[in-house]
Amino acid sequence: MAEAAGRDPASIQITAFGVAADTDTLKQMEEAGADRAIVMLPDARAASAASDMEQIARAIL
């Protein structure tokens, strides 16, 4: 579609929003062409949000 519109497909950045924070899902998003992913926290308002982010980072990095 980008080429049909006269655009370079590589110039379009794709963000996957609200995906599960696991390596399989993130790998699928990457293979589908996503340049970045925004993962969801269990509850961003919870007191455990910081530790949830650390746990996610350890699991996927």
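**Entry 1, ground rules.** I work on a predicted model, where local features need pLDDT of at least 70, side-chain atom pairs count only at pLDDT 80 or more, and totals for chains, interfaces and linings use all residues. I number residues from 1 along each chain as its sequence is written, and side-chain values use heavy atoms, with hydrogens and water left out.

I took helices (H or I, at least four residues) and strands (E, at least two) as DSSP runs, numbered from the N terminus. I looked up how strand 1 (residues 15-19) relates to strand 2: the two run parallel and are joined by four bridges. DSSP must find at least two bridges for two strands to count as paired. Within this pair, I find F17 opposite I38 of strand 2. Strand 1, helix 1 and strand 2 together form a β-α-β unit, and its hand is right. Right-handed here means that, with the strands pointing away from the viewer, the path from the first strand over the helix to the second runs clockwise.

I checked T25, which sits in helix 1 (residues 23-31). For exposure I use relative accessible area: buried is under 20%, exposed is over 50%, and partly exposed is in between (1.4 Å probe, protein chains only). Contact means heavy atoms within 4.5 Å. With neighbours within four places in sequence left aside, T25 contacts V19 and A20.

I then searched the whole structure for salt bridges and got one. The criterion is a side-chain nitrogen of Lys or Arg within 4 Å of a carboxyl oxygen of Asp or Glu. The pair is K27 and E30, with the closest N and O atoms 3.5 Å apart. Both residues belong to helix 1 and are three residues apart, about one turn of the helix. An α-helix has 3.6 residues a turn, so residues three or four places apart point the same way. K27 has a relative accessible area of 43% and is therefore partly exposed.

What should the 12 residues of helix 2 (residues 49-60) span at 1.5 Å a residue? The expected span is 1.5 Å times one less than the number of residues. That gives 16 Å, and the end C-alpha atoms are 16 Å apart, which agrees.

Next I asked which residues of helix 2 are buried. I list A49, D52 and I56. They cover an arc of only 55° around the axis, so they are on the same side of helix 2. The arc is taken from the directions from the helix axis to the C-beta atoms. Q55 and R58, on the other side of helix 2, are exposed. Strand 2 (36-39) is included in what covers the buried residues of helix 2.

I place M40 in the loop between strand 2 and helix 2. M40 is partly exposed, at a relative accessible area of 44%. Not counting residues up to four places away in sequence, M40 touches G18, V19 and I56. From M40 to A50, 10 residues along the chain, the C-alpha separation is 13 Å.

D22 is in the loop between strand 1 and helix 1. I note 30% relative accessibility for D22, which counts as partly exposed. Between D22 and A59, 37 residues apart in sequence, the C-alpha atoms are 7.2 Å apart.

I took two C-alpha separations from G6. To D24, 18 residues apart along the chain, the separation is 34 Å. To S48, 42 residues apart in sequence, it is 47 Å. S48 itself is in the loop between strand 2 and helix 2 and is partly exposed, with a relative accessible area of 30%.
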